[in-house]
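Please look over the structure shown here before reading on. The report is meant for someone meeting this chain for the first time.

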Amino acid sequence: MKISRFTVNPFGMNCYILWSGPGGDCIIVDPGMMVDSEKDMITSFIDGNNLTLKHILLTHCHVDHACGARWLAAKYGVPVEAGALEEPIAEQMPTQAARFGLKIDSTPLKIDKTLAEGDVIQFAGEEIRVLETPGHSPGSLSFYCPSSSVIVTGDVVFQSSIGRTDLFGGSFSVLIDSIKTKVLTLPPDTVIAPGHGDTTTVADEKIYNPYL
Ligand SMILES: [Zn+2]
């Protein structure tokens with residue numbers, strides 16, 4: 001499985017495309033494209049590599065992670081999948097956009113399929129395991145691929161930092177518990193692919209992250 005990172009929107013949000021190779025399948029995590037050039041970048045990659053989009057996964061439904069999901073879902077006929085507790089946040093997409101002063105087309109986002117702890121997505125001969133990692137947002141999910149030793153965490157943990165907990169449904173103690181029980185318990189060489197900034201590893205965050 002290959003993983004490609006696309007950093008989009010004014011928040012510098014990392015959208016990831018997991019793909020099996022040219023002509024194969026792909027999964028997109030957090031399509032936060034806000035402008036046409038960002039949408040073109042994503043569709044050029046998908047179409048240019050003749051990929052079939054199988055899943056649109058959201059780590060959570062903050063506007064910077066989810067604002068391109070509805071558009072992408074309509075374009076490719078693929079459902080939007082996220083945690084059930086993110087539904088009220090998804091519905092508030094226009095309010096979120098207004099709060100951050102974003103002049104983007106935004107409509108309430110409907111989650112087509114909810115995911116929960118223990119769900120497994122079969123992709124390119126690998127398992128992608130769904131982990132519930134609340135705290136930054138109440139329905140935050142992380143996607144762990146043991147065969148590739150990578151976890152996509154959204155805004156749960158970053159290189160030497162953690163997600164903010166002052167937004168709707170956030171909780172510092174819940175976030176710390178999620179990181180310690182769901183992320184730091186993975187093998188040390190597991191690569192953390194976060195929602196903002198560079199990749200890191202479980203081993204490095206155990207040593208260097210001042211919040212943990
Ligand atoms: Zn967020």
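The sections below go from the whole chain to its core, then to one strand with its partners, and finally to a helix.

## Overall shape

This is a predicted model, and its protein chain contains seven helices and 14 strands. The radius of gyration of the chain is 16 Å, close to the 17 Å that the globule rule gives for 212 residues, so the chain is as compact as a globular protein of that length. Taken along the principal axes, the C-alpha atoms fill a box of roughly 40 × 40 × 25 Å.

Of the 212 residues in the protein chain, 42% count as buried. Among the contacts in the chain with a separation of 6 or more, 60% are accounted for by residues 24 or more positions apart.

## The largest nonpolar core

The largest nonpolar core holds 53 residues, and within this core Ile28 and Ile151 touch the most other members. Strand E2, which covers residues 13-19, supplies the largest share of this core, with six residues.

Where does isoleucine 28 make its contacts, once its neighbours within four places in sequence are left aside? The residues in contact with isoleucine 28 are then Cys15, Ile17, Leu53, Ile56 and Leu72.

Strand E9, made of residues 141-145, is mostly covered, since five of its five residues are buried. In a regular strand the side chains alternate between the two faces of the sheet. In E9 both faces are covered, with Leu141, Phe143 and Cys145 buried on one side and Ser142 and Tyr144 buried on the other.

E9 pairs with strand E8 (residues 126-132) through four bridges, and these two strands run antiparallel; arginine 129 has tyrosine 144 in E9 as its bridge partner. E9 is also joined to strand E10 (residues 150-154), by three bridges and again in an antiparallel arrangement, and here phenylalanine 143 stands opposite valine 152 in E10. The hairpin of E9 and E10 has four residues between the strands, and in this hairpin serine 149 takes a positive phi near 55 degrees.

## Helix H1 and the residue after it

Helix H1 spans residues 36-48 and so has 13 residues. From its first C-alpha to its last, H1 reaches 17 Å, which is close to the 18 Å expected at 1.5 Å a residue. Asparagine 50, which follows H1, has a positive phi, near 55 degrees.

Key
Residues are numbered from 1 along each chain as its sequence is written. This is a predicted model: local features need pLDDT of at least 70, side-chain atom pairs count only at pLDDT 80 or more; totals for chains, interfaces and linings use all residues. A nonpolar core is a set of buried Ala, Val, Leu, Ile, Met, Phe, Trp, Tyr and Cys residues joined through C-beta atoms within 7 Å. A residue is buried if 20 or more other C-beta atoms lie within 10 Å of its own, exposed if 12 or fewer, and partly exposed in between; C-beta atoms are placed from the backbone. Two residues are in contact if their C-beta atoms, placed from the backbone, lie within 7 Å. Two strands pair if DSSP finds at least two bridges between them. The expected span of a helix is 1.5 Å times one less than its number of residues. The radius of gyration is taken over C-alpha atoms; the globule rule is 2.2 Å times the number of residues to the power 0.38.
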